[in-house]
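Me: I have a model open and would like to go through the labels attached to it. Could you set each value against its definition for me?

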Amino acid sequence: ASAAVAFGLIDRPSSSTPSGPSMMSGATRSSGSLPSSSPAALRPSGTVVNVSLTDSGGPMGEGNGPMHPGAMGLSADQSSVPHGTVSFVVTNAGAVKHEMVILPMDSTQVAGTRPLGGDAKVDEAGSLGEASNSGGSGSGEGIEPGASSRVTVTLAPGRYELVCNLMGHYVSGMYRQLKVT
């Protein structure tokens with residue numbers, strides 16, 4: 001599978017000159033943006049997937065006890081999209097910071113089964129982009145409760161896993177498969 005990533009919502013073809021190292025065979029990442037005052041900067045391009053990030057409230061280990069499978073969630077309004085440009089609009093409906101990372105899946109992989117490292121996170125090698133910038137696009141320090149972030153990528157046909165990869169969130173249920181046809 002291959003994908004190109006554009007941090008920021010841009011209204012131009014994804015054939016811009018890629019920069020940076022290849023994440024996997026045929027994958028490129030480009031950084032392009034428009035001034036925030038531009039209407040195109042505010043309009044998602046391609047297929048739009050709305051993602052909601054939820055939790056049971058409070059940091060891990062507080063309130064109702066430690067997080068456990070199912071204590072948090074990541075839902076998307078579509079489980080399958082056509083290949084090409086896909087814009088993810090990610091809203092944190094929970095009470096703690098979250099993020100959304102796009103990871104490729106191989107043909108036999110099952111969503112939610114990635115091994116955890118000692119930091120209670122999954123390996124992000126091959127990541128195709130993320131939404132973790134409150135009120136903006138691309139990478140940041142996490143999406144604050146009640147805020148949104150976005151990322152636009154070009155996805156090849158295949159299967160991808162959308163995950164929150166903050167400490168302990170993946171194992172607590174923050175993952176979802178997305179099929180690209």
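Me: In what order do the elements of the protein run from the N terminus on?
Reply: They run β-β-α-β-β-β-β-β-β-β-β-β, which gives one helix and eleven strands. Helices (H or I, at least four residues) and strands (E, at least two) are DSSP runs, numbered from the N terminus. This is a predicted model, in which local features need pLDDT of at least 70 and side-chain atom pairs count only at pLDDT 80 or more, while totals for chains, interfaces and linings use all residues. Residues are numbered from 1 along each chain as its sequence is written, and side-chain values use heavy atoms, with hydrogens and water left out.

Me: What is the mean pLDDT of the protein, and where is the pLDDT below 50?
Reply: pLDDT is the predictor's confidence in each residue, from 0 to 100. The mean for the protein is 78, and 69% of its residues reach 70 or more. Over residues 1-40 the value is below 50, although this stretch has 89 contacts in the model beyond near neighbours in sequence; contact means heavy atoms within 4.5 Å. Residues 59-67 also stay under 50, with twelve contacts beyond four places in sequence. Where pLDDT is low, the predicted coordinates should not be read in detail.

Me: What makes β5 and β8 edge strands?
Reply: Each of them, β5 (80-81) and β8 (129-131), pairs on one side only. They belong to an open sheet of five strands in the order β5-β11-β10-β7-β8, with mixed pairing. Two strands pair if DSSP finds at least two bridges between them. Strand β7 (residues 100-105) and β8 have three bridges, in the antiparallel sense, so they pass that cut-off. Met-100 has Ala-131 in β8 as its bridge partner.

Me: How do you know that β6 and β9 pair?
Reply: They share eight bridges in the antiparallel sense, and the rule asks for at least two, so they count as paired. One of the bridges joins Val-90 to Ser-149 in β9.

Me: Why is β9 called mostly covered?
Reply: Six of its eight residues are buried. Buried means under 20% relative accessible area, exposed over 50%, and partly exposed in between (1.4 Å probe, protein chains only). Of the 181 residues of the protein, 44% count as buried.

Me: What makes Lys-97 and Glu-144 a salt bridge?
Reply: A salt bridge is a side-chain nitrogen of Lys or Arg within 4 Å of a carboxyl oxygen of Asp or Glu. Lys-97 and Glu-144 meet at 3.4 Å, N to O, so the pair qualifies. Lys-97 lies in the loop between β6 (84-92) and β7, and Glu-144 in the loop between β8 and β9 (148-155), so the pair ties together parts that are 47 residues apart in sequence. Lys-97 is partly exposed at 33%, and Glu-144 is partly exposed at 36%.

Me: How many salt bridges does a search of the whole structure find?
Reply: There are two. Arg-114 and Glu-161 also meet in one, at 2.4 Å, N to O. Arg-114 lies in the loop between β7 and β8 and Glu-161 in strand β10 (residues 158-163), so this pair ties together parts that are 47 residues apart in sequence. Both Arg-114 and Glu-161 are buried.

Me: Why is the pair of Tyr-170 and Tyr-175 called tilted?
Reply: Rings of Phe, Tyr and Trp (its six-membered ring) pair if their centres lie within 6.5 Å; planes under 30 degrees apart count as stacked, over 60 as edge-to-face and the rest as tilted. By this rule the count comes to one aromatic pair. Tyr-170 and Tyr-175 are 5.3 Å centre to centre with 50° between the planes, hence tilted. Tyr-170 counts as buried because its relative accessibility is 1%, whereas Tyr-175, at 27%, counts as partly exposed.

Me: How do you know that Val-180 is buried?
Reply: Its relative accessible area is 3%. Val-180 lies in strand β11 (residues 175-180). Leaving aside neighbours within four places in sequence, its contacts include Val-81, Leu-155 and Tyr-160. Val-180 and Tyr-160 are 20 residues apart in sequence and 7.7 Å apart in space, C-alpha to C-alpha.
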